[in-house]
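Dear colleague,

Please find below the structure that I promised to pass on, followed by what was found in it.

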Amino acid sequence: MKNRIRVLRAEKDLSQAELAEKVGVSRNSINAIENDKFEPSLPLAFRIAEVFALRIEEVFLKE
Amino acid sequence: MGSSKFRQHAVKAIPLIIVPIVFLASVQSLKMAVGAAATTWIAAAVSIFVMVYAWYVAACVQRGQDEVQAAGANYAAKWGMAAGQIGFFTLLALPPFQDLVADLVNQPRGKLLLGMTIGAVGVVLLQTVGIIVANALWWKARR
């Protein structure tokens with residue numbers, strides 16, 4: 001699974017730490033998700049999509 | 001995990017290192033002071049303390065972890081446990097380690113080796129039983 005978190009963060013001028021705080025995980029965790037090293041659970045994926053006001057499939061893409 | 005949280009957990013884990021070291025360092029003098037039987041009971045109490053306290057520290061570390069950290073901890077526990085067991089059995093097979101422990105507790109090497117082997121095999125067997133029971137309970141709760 002790929003994701004667009006890095007691009008979306010840049011568009012919103014949001015740091016990894018800020019996104020991490022908004023969704024309630026650590027900055028390292030956001031880094032791992034952003035770099036495709038960890039696939040988030042559905043609830044966390046929804047929370048991340050909510051921050052960007054997008055649907056989940058607009059943030060996370062099936063390879 | 002932040003560095004301050006890591007420090008907190010590290011401080012909390014100090015008794016896990018200090019208590020066994022103090023016990024091992026004082027085994028001989030304990031034996032002389034209170035006798036072999038009482039020392040065996042103290043050894044059992046130290047073992048139980050270490051196990052229960054390790055459980056408590058693990059619970060403290062797990063509380064407040066997010067899912068990525070929890071996945072990391074699960075990975076570490078799974079492979080760390082296996083590596084620890086293999087490491088212990090390897091140590092157990094080395095004569096210098098056997099001599100060291102035999103000297104420490106002032107027991108003949110053969111007797112000590114038998115006791116340690118029974119202990120190690122017992123731990124592995126009970127862990128296996130524990131895993132089977134926990135797995136059955138997990139599935140029962142999800143039927």
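The lining of the largest pocket draws at least two residues from each of α1, α2 (27-34), α3 (36-62), α4 (67-93), α5 (95-105) and α6 (109-140) of chain B, with α6(B) giving the largest share, twelve residues; helices here are DSSP runs of H or I of at least four residues, and strands are runs of E of at least two, numbered from the N terminus. The volume of this pocket is about 2000 Å³, and among its 40 lining residues Ser47(B), Met51(B), Phe88(B), Gly119(B) and Val123(B) are the closest to its centre. A pocket is an open set of points on a 1 Å grid over the protein atoms alone, where a 1.4 Å probe fits, with protein on both sides within 12 Å along at least five of seven lines, and lining residues have an atom within 4 Å of a point.

The model is predicted, with local features needing pLDDT of at least 70 and side-chain atom pairs pLDDT 80 or more, while totals for chains, interfaces and linings use all residues. Residues are numbered from 1 along each chain as its sequence is written, chains are lettered from A and ligands numbered from 1 in the order written, and side-chain values use heavy atoms, without hydrogens and water.

Chain A has five helices and two strands, in the order β-α-α-α-α-α-β along the sequence. Of its 63 residues, 41% count as buried, that is, under 20% relative accessible area with a 1.4 Å probe and protein chains only.

Best regards

Note on methods:
Buried means under 20% relative accessible area, exposed over 50%, partly exposed in between (1.4 Å probe, protein chains only). Grid points are joined across faces, edges and corners, and a volume is the space filled by probe spheres set on the points.
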